Amino acid sequence: MLANSEMEKNQEVLSVDSKKIARNGALLSVQELRIWFELRRWGFGHAGYVKAVDGVTFDLHEKEAIAIVGESGCGKSSLMRAILGLHMPTKGDVVFQGKKVSQLSGRELRAYRSNVGYVQQDPYGALAPFMDVSRILSEPLIVNGVKSKVEREQRIRKVMEEVKLFPVDDFLRKYPHMLSGGQQQRVVIARSLVLEPKLIVADEPVSMLDASVRVEILKLLRNLQEIHNLAVIYITHDLSTVRYFSERIFVMYAGKLVETALVSDMLKNPLHPYTHALLAGTSDPDAKNAETFKEVPPGEPPSLITPPPGCRFHPRCPHFIEGLCEVEEPPDFELEPQHFTKCWLYK
Amino acid sequence: MNNNNHSLLHIEDLVLHFRTQKGLVQAVDGVSFDLGQKEAMVVLGESGCGKTSLAKAILRLLPRNVGTYSGKVYLDGVEIMGMGDEEFRKNVRWAKISMVPQAAMNSLNPVLKVGEQVAEPLMVHAGMRKESAINEAKRMFQHVGVPLNFINRYAFELSGGMRQRVAIAMSLVTAPRLIILDEPTSALDVLTQANIFNVLKRIKHELEVGFILITHDIATSSELADSVAVMYAGQIVERSDAHRFFTAPLHPYSQMLMASVPRLREDKEPEFITGQPPSLLDLPTGCRFASRCPYRFEKCDQDPPLFKKDKRFVKCWLHS
């Protein structure tokens, strides 16, 4: 485990150095990705864009777990859908194993999707209520041309054991409404794993679950990630679970990644004022919390149709520098190795 | 536990069972506690442990399939369980005890302006005229930090955090003695959550009001709690002040619950609780947590009473 993360660190450093030259080596590379949704007036007239994702760049290596943290409406779900090949990028690309996802043909796209598993946020909504567990899990296999019934059955049993749905025979014939929330989420995870993907995209996989089950599901995911050498993108707004789950963390605000770092660096030394605010807003159980007020930046996240000029956080920022923050957009500043932030405070 | 002269809410042996085709669901099964004046109590527990049913039992918001509904509830020393339904509706519900139900922000009426909705309880309960009720609503908007010009807006024009504030304003407007909040922040973002808790803290300092906060989010619950009640399978298994609870909980279930919280500032691997809570249809005799408890011994086959230990209560034989 330790050696593993060492290795990843080295890989990481390499990739940062070679960033501008080539993007080989990365399993998934998101390059200057923009996803804009056009707003229309009266059917034809153009009324601007919702800039849900606006220039996001990162590399994801094999076996690496990253977390994307941000509030609702910051574009993290659009980013996720673009990675899954469900949105066409307006500009930029999602490159998986050297191939641009936007240029894949129908058959290639299907192959791509079998390489990328998706764990939905709401397990009950993600499972068809009229299918039993065995049908839910065999569907992806049928779609991807596993014709032998015996093989399908074997693979389903294997994956159910991996997500600890014991005893398998009992669960095979159950329908989603007969399962508890945690068990439903296990079925969703099993479905995402049944095609043996290389990458799992987990969109708030535990936010709908009970607190005591959350840890269990997160540990299960972490375990599966290590067994299968999976890369995982974990999308969440809950900072306290991130450190147990991923190596790197990306903080997203209004369509941009404002800070990217190793989780330990981020917790020790957060840079961007927005990251500070997120950390301050997250509580640990402590009776002393009740005695003080929390510091929360005023206002709300900006409209993505007309985002503020310059730094998008400047109207809420306590360290606002007049004449700079609202004029020019901050580039990425690297303060430690692999620790980037888009903030003029660190120029 | 009999000093109900001083306490805001005093509950004795509250029982709420539901009739279903499969049998009796014992959602609230013999709950007793005391809530002091201006005290904020947090009710913690897994989903399905009867937290919401407890709130509904206090407010007498009952569905049609009620089996047993009994016990004694004293509000400021006055017994309210014996009141007739009409009297209860007029004098207690929303007049003395108000509630912010789960997902309240999504249940605002879409065709009414939010100001009118906040004013409505005053018009119904206090018989106030509309103009003065709206003025009162404006005052509440200031308390919860909603800009005054939002008073003429509709719910869909507000963000989630603002709608939640409106729901809180609605519960405050009749100047109740007690507010019951059911998962007030579970669907909100981190910063919005922090904002809402700031609002609740401010209300707590400024107004003479007690809180019952129902949640499964232990970390954020500590933002408001003076005291804690842990519920398991329809019963309160621990009742304690917040300081001692968050540092050293007594009941094995509370200890495991605390250990399952992921922490941002401490290097502690969270542990999950194995097994599942018992079905409320078919409860075990003896301690209801026994099957999941690591400290189980012979005595656990009998139902433990609520033991008192330095002003804390715990339902576990380990503390007899």
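1. Axes here are lines fitted to C-alpha atoms, for helices over the stretch in contact, and angles run from 0 to 180 degrees between N-to-C directions. Helices (H or I, at least four residues) and strands (E, at least two) are DSSP runs, numbered from the N terminus. On these terms, helix 3 (residues 114-125) and helix 5 (residues 160-172) of chain B have axes that come within 7 Å and cross at roughly 25 degrees.

2. This is a predicted model, in which local features need pLDDT of at least 70, side-chain atom pairs count only at pLDDT 80 or more, and totals for chains, interfaces and linings use all residues. Residues are numbered from 1 along each chain as its sequence is written, while chains are lettered from A and ligands numbered from 1 in the order in which they are written.

3. Confidence: the predictor gives the complex an ipTM of 0.86 and a pTM of 0.87. Chain B averages a pLDDT of 91, and 98% of its residues score at least 70 (pLDDT is the predictor's confidence in each residue, from 0 to 100).

4. Helix 3 and helix 5 of chain B are therefore roughly parallel to each other (angles under 35 degrees count as roughly parallel, over 145 as roughly antiparallel, 65 to 115 as roughly perpendicular and the rest as oblique). From helix 3 of chain B, B:Val114, B:Gln117, B:Val118 and B:Pro121 meet B:Val166, B:Ala169 and B:Met170 of helix 5 of chain B (contact: C-beta atoms, placed from the backbone, within 7 Å). The residues of this contact divide into 6 nonpolar, 1 polar and no charged (Ala, Val, Leu, Ile, Met, Phe, Trp, Tyr, Cys and Pro count as nonpolar, Asp, Glu, Lys and Arg as charged, and the others, Gly among them, as polar).

5. Chain A has an open sheet of 8 strands with mixed pairing, in the order 6-7-8-3-9-10-12-11 (two strands pair if DSSP finds at least two bridges between them). Strand 6 (116-119) and strand 11 (333-336) of chain A are the edge strands, each pairing on one side only. On average, neighbouring strands of the sheet are turned by 20 degrees against each other, direction ignored.

6. A:Phe333 has A:Thr341 in strand 12 of chain A as its bridge partner. Helix 8 (residues 181-193) of chain A lies across strand 6 and strand 7 (199-203) of chain A, running at about 170 degrees to strand 6.

7. The contact between the chains takes 29 residues from chain A and 37 residues from chain B. Helix 9 (211-228) of chain A gives the largest share of chain A's side, 5 residues.

Conventions
Contact = placed C-beta atoms within 7 Å.
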